[in-house]
Amino acid sequence: MKKLVLETTAPFQGLPELVAYDEGLFAKEGISVEWADREKGVEKKVRTDITTPKMVDPFASHGKLFEQGQADMYNACEWGNYCRVQETDAGSRQIGRRAIIAYSALVVCGDSPVYTPQQLANKTIGVPFYFGTHYIALHMLEGFLPRDMIKLCSAPNGSRYRLDALMKGEIDATTLTEPHITLAEKKGCRIICTAFFHGTEVASSRVDAETYAAFNRAVREAVRRINANKRAYLHYFIDYHAKSDPEIAALRVEDLRESRLVVCDPAPIPLDEMQRTYDWLKSWGMLEETASPLQLVNIEVQKLAHEAAE
């Protein structure tokens, strides 16, 4: 049996992998999965003095154990993974898109004077730099505001911490994922705009095409099961946080919206989208050391693995 060590993943970004693990689908494909906790020692404070990703470590959470040789793979938002692979000292490369399409919402407190994205001009928006909820905030807001009026600051990864900071008035707005969007709504918060975003799998050279194909076959079966009965899998969003968060534990599956859970078969990153993502990141002053997005993806493993998983 081939052993793979994966960095831990929450349901909003890795539900198919969690289902594949729990329902024995990885084992059926000859893969023994172990989880490495990437959250140990991660700072959980708002830093309004940190206003750009250039001031923080891209490996503060995602990729941290991978870079230390303690994990074989991790999944995170596509934009952040482009940046992490540029900075890798461990030879990491993206090898394809993950199965879940993550859902995020930009929210304010219920008593906020902000009702539209345009009204967030020059407001302090707390985001976890290098995470999907950082980049999706930029994507959502630049359709409404000049870039110089989008004011981000560093807030912790983990929606619970950002929701707490929002409720305390430490920030004017933040981006959240499920189940904390639902919790925020129950607390009277207002959703300003929402969007879905892709993520990718990052792997070391130890993950060859055959191994990744087997991994993807297990994930594809998990996707099939989830899409056949989304309601049956929504409890993951509650259970993952319930032991440490009584407010999440008090949520019911009926509180969660099935429409916010979107999964599809893992797939290669399309070349045209890869280039647009690269160009967009460059336009925000990132990927300055990378001449081509093809440097950030193991094209051969991606192609062979996804073909074999069909």
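Trainee: With which residue does Arg38 form a salt bridge?

Mentor: Side chains of opposite charge can pair when their charged atoms come close. A salt bridge here is a side-chain nitrogen of Lys or Arg within 4 Å of a carboxyl oxygen of Asp or Glu. Arg38 pairs in this way with Glu39, with 3.1 Å between the closest N and O atoms. The model is predicted: local features need pLDDT of at least 70 and side-chain atom pairs 80 or more, whereas totals for chains, interfaces and linings use all residues. Residues are numbered from 1 along each chain as its sequence is written, and side-chain values use heavy atoms, leaving out hydrogens and water.

Trainee: Is Arg38 buried or exposed?

Mentor: Buried means under 20% relative accessible area, exposed over 50%, and partly exposed in between, with a 1.4 Å probe and protein chains only. Arg38 is buried because its relative accessible area is 7%, while Glu39, at 26%, is partly exposed.

Trainee: Which side chain meets Glu178 in a salt bridge?

Mentor: That of Arg260, at 2.8 Å from N to O.

Trainee: How far apart are the closest N and O atoms of Arg260 and Glu185?

Mentor: They are 3.4 Å apart, and this pair is also a salt bridge. Arg260 lies in a loop and Glu185 in helix H7, so the pair ties together parts 75 residues apart in sequence. Helices are DSSP runs of H or I with at least four residues, numbered from the N terminus. Glu185 counts as partly exposed because its relative accessibility is 30%.

Methods: Helix = DSSP H or I, 4+ residues; strand = E, 2+ residues; numbered from the N terminus.
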